[in-house]
Amino acid sequence: MNFPSILASHGTFGLNLNPFETNIINLAIVIFALYKFLPNFLGGILERRRAAILTDLTDAETRLGAATESLAQAQQGLAEAQKKAEQIRADGKARAQAIRLENEKRTIEEMARLKQGSAADLQSEAARVTNQLRREAARLAIEKALATLPGKLDADAQAQLLNQSIQNLGNA
């Protein structure tokens with residue numbers, strides 16, 4: 001009696017040891033084919049993937065180097081710009097100080113000129129007032145003298161006064 005067929009006929013679990021019925025040979029052929037051809041196929045895919053990753057890494061390293069160089073240049077440019085800005089700021093402060101001093105000097109000179117001008121105006125006004133007062137005093141004295149002289153002076157005294165006045169005018 002065939003043991004495997006007895007178990008199969010009763011509907012219970014059993015092992016079928018017949019290699020042709022169980023497709024063990026077919027499975028062995030498929031596994032061998034996969035073992036033989038799959039490494040080349042998968043190896044090519046993996047090798048291409050590896051090459052792509054290496055290329056990407058090389059590109060990334062190149063970009064990193066360029067970015068690092070650009071950063072260094074930008075930092076150097078920033079340092080130069082800060083130095084130039086500081087120089088401009090210092091020049092601006094010096095210029096502002098010079099302008100302030102120049103304006104103070106001009107203000108002092110203008111004040112001195114105004115003071116001199118006002119002193120000259122004051123002297124001029126004082127001289128004008130003095131001259132006006134002298135003229136007014138002289139006019140009043142002449143009027144008073146003319147009013148009192150006709151009664152006090154006779155003809156000889158008048159002639160002597162006129163001669164003396166003419167002589168004084170000639171000496172002046």
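The model is predicted: local features need pLDDT of at least 70, side-chain atom pairs count only at pLDDT 80 or more, and totals for chains, interfaces and linings use all residues. Residues are numbered from 1 along each chain as its sequence is written, and side-chain values use heavy atoms, leaving out hydrogens and water.

**Fold**
- The protein chain has four helices and zero strands (DSSP runs, numbered from the N terminus: helices are H or I of at least four residues, strands are E of at least two).

**Surface**
- Buried residues make up 0% of the 172 residues (buried means under 20% relative accessible area, exposed over 50%, partly exposed in between; 1.4 Å probe, protein chains only).
- The chain exposes about 15500 Å², of which carbon and sulfur atoms supply 63% (Shrake-Rupley method, 1.4 Å probe; for residues, only the protein chains shown count as cover).

**Salt bridges**
- The whole structure holds eight salt bridges (a side-chain nitrogen of Lys or Arg within 4 Å of a carboxyl oxygen of Asp or Glu).
- R100 pairs with E104 at 2.5 Å between the closest N and O atoms; both lie in helix α3, four residues apart.
- R100 is partly exposed because its relative accessibility is 38%.
- E110 and R113 meet at 2.2 Å, N to O, and lie three residues apart in helix α3.
- Salt bridges with shared partners join E136, R139 and E143 into one network.
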